[in-house]
Structure formats: C-alpha cells, structure tokens
Amino acid sequence: MVKVLVAGGAGYIGSHVVKALLKNGYEVSVYDNLSTGREINLFSQAKFIKGDILDFEKLSDAMKGQDAVVHLAAKKAVGESMENPALYAQNNMIGSLNILNAMLKNNVRHIVFSSSAAVYGMPEYLPIDEKHPLKPINFYGYTKLDIERYMEWYAKLKDFHYMALRYFNAVGYDAEGSIRGREIGSQNLLPIIMDAATGRREKLCVFGTDYDTRDGTCVRDYIHVTDLAKAHVLAIEHLLKGGVSDSLNLGTGQGTTVKEIIAATEKVIGKKLKVEYVGRRSGDPAVLTASSAKAKEMLGWVPKYTNIEEIIRTTWALEQ
Ligand code: UFG
C-alpha cells in the first residue's frame with residue numbers, strides 16, 4: 001500500500017483529504033498539532049501522530065517509510081499574517097522548510113502542497129490562470145509563494161517532485177457527514193454566515209457594496225472541499241506515475257457574489273440573516289475567479305459541486 005503522511009490532516013481541508021485518500025486505498029498517517037485541527041476529525045483507519053511541524057526530530061521520525069506527503073499544516077488568516085508576520089514566518093515558512101528537509105533526509109520524494117490564490121495578488125485579468133503574475137499583497141500569500149519557489153529549486157536539485165495546489169475559496173463539508181468538526185474561529189465568509197445563522201454571532205457584516213460587480217458586492221470562486229480533496233489524490237497519483245512537478249489552480253471558474261451567497265443561505269436555512277452593510281475591507285479584489293484548465297488537463301480534475309445552494313447545504317448540515 002502507498003503510504004502518505006498528511007500534515008494538518010485534522011484540519012478543515014486536511015480531514016477531507018484524509019477521507020479521500022482512505023477511500024482510494026492509501027495508508028494514511030496524520031501529523032497534526034491540533035492547534036486548529038480537531039480530534040473529532042480524525043479517522044480511525046488513519047494513524048495519528050500528535051506533533052508540530054516546527055519539531056524537526058518528530059517530523060523526521062514520522063516521515064520514515066512514507067511514499068508521499070500532503071502538506072496542509074499552516075496558518076491561513078490573511079489579516080493575522082499582516083499583524084503578526086513573525087508567526088507566519090515561523091509556522092508557514094520554517095514549518096514548511098522542515099517538511100521539505102525532513103523529506104530529503106528520509107528519501108520521501110513526492111509532496112502535494114496546499115497553496116492559495118493569494119499568491120497572485122490583485123488580478124490583472126480574469127479568470128486567473130497559472131501564467132498570471134505572482135504578486136501577493138499579503139504576507140500569508142507571500143509565505144505560500146515562497147514555499148512554492150523552494151519546492152521548484154528542490155525539484156531542480158534533487159530527486160524531489162511536487163504539486164502545489166492553489167485553492168480559491170474553499171467551502172462546504174463532506175456530504176456523507178463523516179467530518180463533524182466544524183472549523184472554529186475562521187474569518188471566512190461562510191463560517192461567519194453560519195455563526196450569524198445560529199446566533200453564535202449577532203450579525204454578518206458585508207464588506208463593501210460599491211464594487212464594480214453585478215450587485216456591488218465582491219465575486220469569489222467558491223470550490224467545494226470534497227472537490228479540493230479529490231485533486232490531492234489525483235496529484236499524488238500523477239506524481240507517483242512520474243508526472244511533472246507544477247502549480248495548479250483549483251476553482252470552479254464560476255463567480256458568486258456575497259449577496260448571492262447570503263440569498264442562497266437564506267433559502268437553505270429558511271430564514272433571513274441579520275446583515276449589516278459596511279465599508280470595504282482593505283486588500284479585497286472586486287472579482288477573483290480561476291481558470292482550472294491546467295488541473296483538468298494534467299490531472300483530469302473536474303469539480304462536481306457547481307451549485308452554490310448544494311454547497312451551502314453541506315455546510316448547514318453540520319449545524320443540525
Ligand atoms: N466577507 C464579508 N464579510 C465577512 C467575511 C468576508 O463580506 O465577514 C466577504 C469578503 O469581503 C470577500 C468574500 O466575503 O469578498 C470572501 O471572503 P473570505 O474572507 O471568505 O475569503 P477571501 O476571498 O478574502 O480569501 C480567500 C482565502 C484566502 C486567500 C484569499 C486570496 O480564504 O486564504 O482568498 O486568494 F488568501
């Protein structure tokens with residue numbers, strides 16, 4: 001059996017990746033410090049090692065005998081990365097370098113890396129493809145780009161193979177209900193909407209209504225986490241077959257406005273949300289949509305979830 005170590009495998013996207021790997025017959029070990037990942041998201045069929053990617057010895061031990069790594073252990077709040085760059089340098093950069101170096105030390109040659117649309121910065125054209133200039137406008141995005149560049153160099157210098165997956169807006173939960181650990185403290189739109197819908201938060205603030213979009217609110221490319229998870233499995237298969245190393249966008253190509261997300265949520269939950277329209281949040285582009293033609297071509301990846309209501313239903317199911 002092919003052995004895969006999933007760093008960050010108890011987290012939101014990580015737990016979905018673990019499920020997809022198990023379903024496809026991989027032997028999975030999860031390496032997670034449970035800082036944001038949750039024990040409830042662990043699968044009994046996967047081995048669990050509680051550890052931090054900053055602990056090189058422990059990480060290197062966990063790496064022994066693995067065939068591939070999926071690395072999703074990272075801090076991901078854009079605002080926090082601007083206020084506390086040292087935390088992001090430590091976790092996302094030093095932590096990721098530890099992973100790459102522990103791989104080299106233990107002869108593990110394949111990695112799928114969780115990257116982000118944040119590597120592009122402000123869109124110069126749409127939809128964004130992988131040829132788009134890489135000019136991150138926040139430190140979080142910079143850390144992702146920097147690790148991509150390290151991987152590019154390692155692949156040039158060593159028997160080392162990578163796939164960087166640049167997620168657009170990850171949303172939704174496993175439709176079969178296997179993952180019950182809701183993300184806590186997320187500053188992203190859908191988790192905040194869920195907080196407002198359940199009373200954990202008084203209201204939802206919509207950042208900006210004067211964008212040049214069809215209803216004045218920002219457009220994003222919301223991609224279901226199960227579709228993201230599937231791409232990781234395909235990327236591992238691709239690398240193990242000797243496929244080339246690269247960076248790929250993962251999105252649906254479809255744009256949805258904040259107001260459309262609110263309307264779809266209200267339909268799904270059957271009640272009105274308490275919404276306040278406030279000023280723009282700094283650093284938000286009006287529109288962000290992906291071209292995932294390259295992922296389709298290289299991996300045969302096609303997202304299955306294209307209906308935003310269906311996606312929201314999988315999220316709302318966790319609140320029931
Ligand atoms: N939004 C609100 N109110 C909120 C939260 C978000 O109106 O309380 C709006 C934002 O202004 C944006 C949209 O909802 O228009 C989506 O916001 P998110 O914070 O959920 O996501 P972003 O598009 O800002 O961020 C995503 C990823 C990041 C990545 C970034 C850039 O979550 O990891 O795209 O690619 F860095």
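Start with α2 and α4: α2 passes α4 in a right-handed crossing, a label used when the near helix is turned clockwise from the far one by less than a right angle, with anticlockwise giving left-handed. Helix α2 covers residues 56-63, and its axis sits 9 Å from that of α4, at an angle of about 50 degrees. Axes here are lines fitted to C-alpha atoms, over the stretch in contact for helices, and angles run from 0 to 180 degrees between N-to-C directions. So α2 and α4 count as oblique to each other, the class left over once angles under 35 degrees are called roughly parallel, over 145 roughly antiparallel and 65 to 115 roughly perpendicular. Element names follow DSSP runs numbered from the N terminus: helices are H or I with at least four residues, strands are E with at least two.

## About the model

This is a predicted model, so a local feature needs pLDDT of at least 70 and side-chain atom pairs count only at pLDDT 80 or more, while totals for chains, interfaces and linings use all residues. Residues are numbered from 1 along each chain as its sequence is written, and side-chain values use heavy atoms, with hydrogens and water left out.

## Around the ligand

Which residues come nearest to the ligand? Of the 20 around it, they are L189, C205, R220, R281 and D284; being near takes a heavy atom within 4 Å. The shell divides into 13 nonpolar residues, four polar and three charged.

Now for the ligand's oxygens. One oxygen atom is 2.6 Å from a side-chain N or O atom of D284. There's also a 2.9 Å distance between a ligand oxygen and an N or O atom in the side chain of N188, and another of 2.9 Å to a polar backbone atom of F207. The protein covers 90% of the 690 Å² of accessible area that the ligand has on its own, by the Shrake-Rupley method with a 1.4 Å probe. Two elements give two or more residues each to the shell: α6 (189-198) and β8 (204-207). The largest share, three residues, comes from β8.

P127 lies in the loop between β5 (110-116) and α5 (139-157).

L34 has phi of about 60 degrees and belongs to the loop between β2 (27-32) and β3 (47-50). N107 has phi of about 65 degrees, and you'll find N107 in the loop between α4 (85-105) and β5.

Conventions:
Polar contact = N/O pair within 3.5 Å; in protein donor to acceptor, adjacent residues only side chain to side chain. Nonpolar A, V, L, I, M, F, W, Y, C, P; charged D, E, K, R; others polar.
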